[in-house]
Amino acid sequence: FRNREGDWCRTFAAREGTSGVACRGGDGWAVRMVERGSTRAGSTTPAVKASVNGMIAGAPVDAGAERKARAGAWR
């Protein structure tokens, strides 16, 4: 998704139970929100969902739009 500043952002979840949101700005990716110890593979926690809802501008993108953004260096 794009945040209100126009940066690309995405949620993430790691095996050790860490999840959050990272956004790509001028200096690369930066973690904007992190939560430890409360994730299961493939799930999004209520705290991560709330963080996304507070940042998102417009609708989330689908897999094809994400591939296109990645191919264009996230521009």
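Residues are classed here by relative accessible area as buried (under 20%), exposed (over 50%) or partly exposed (in between), using a 1.4 Å probe and protein chains only. By this scheme Trp29, with a relative accessibility of 37%, counts as partly exposed. The structure is a predicted model, in which local features need pLDDT of at least 70 and side-chain atom pairs count only at pLDDT 80 or more, while totals for chains, interfaces and linings use all residues. Residues are numbered from 1 along each chain as its sequence is written, and side-chain values use heavy atoms, with hydrogens and water left out.

Trp29 belongs to a cluster in which ring pairs link Trp8, Trp29 and Trp74. Rings of Phe, Tyr and Trp (its six-membered ring) are paired if their centres lie within 6.5 Å; planes under 30 degrees apart count as stacked, over 60 as edge-to-face and the rest as tilted. Two aromatic pairs were found in a search of the whole structure. In one of them, Trp8 and Trp74 are arranged edge-to-face, at 5.8 Å centre to centre and with 65 degrees between the planes. Trp8 is located in strand β1 (residues 8-13) and Trp74 in the segment after α2, so this pair ties together parts that are 66 residues apart in sequence. Helices (H or I, at least four residues) and strands (E, at least two) are DSSP runs, numbered from the N terminus. Both partners are buried, Trp8 at 9% relative accessibility and Trp74 at 16%. The rings of Trp29 and Trp74 have centres 5.2 Å apart and planes at 85 degrees, so their pair is edge-to-face. Here Trp29, in strand β3 (residues 28-36), is linked to Trp74 across 45 residues of the chain.

One joins the side chains of Asp7 and Arg32 at 3.7 Å, N to O. It connects distant parts of the chain, with Asp7 in the segment before β1 and Arg32 in strand β3, 25 residues apart. Asp7 is buried at 19% relative accessibility, whereas Arg32 is partly exposed at 41%. Glu66 and Arg10 form a salt bridge through their side chains at 2.9 Å, N to O. Glu66 lies in helix α2 and Arg10 in strand β1, so parts that are 56 residues apart in sequence are tied together. Arg10 is partly exposed, with a relative accessibility of 37%.

A nonpolar core is a set of buried Ala, Val, Leu, Ile, Met, Phe, Trp, Tyr and Cys residues joined through side-chain atoms within 4.5 Å. The largest such core has nine residues: Phe1, Cys9, Val21, Cys23, Met33, Val48, Val52, Met55 and Ile56. Two or more residues each come from β2 (18-25) and α1 (46-55), and α1 gives the most, with three. Met55 is in contact (heavy atoms within 4.5 Å) with Phe1, Arg2, Asn3, Arg4, Val21, Cys23 and Arg32, not counting residues up to four places away in sequence.

Local features were also found at both ends of helix α2. At its start (the helix spans residues 63-71), a side-chain oxygen of Asp62 comes to within 3.2 Å of the backbone nitrogen of Gly64. Just after α2, Ala73 adopts a positive phi of about 60 degrees.

Notes: Polar contact = N/O pair within 3.5 Å; in protein donor to acceptor, adjacent residues only side chain to side chain. Salt bridge = Lys/Arg side-chain N within 4 Å of Asp/Glu carboxyl O.
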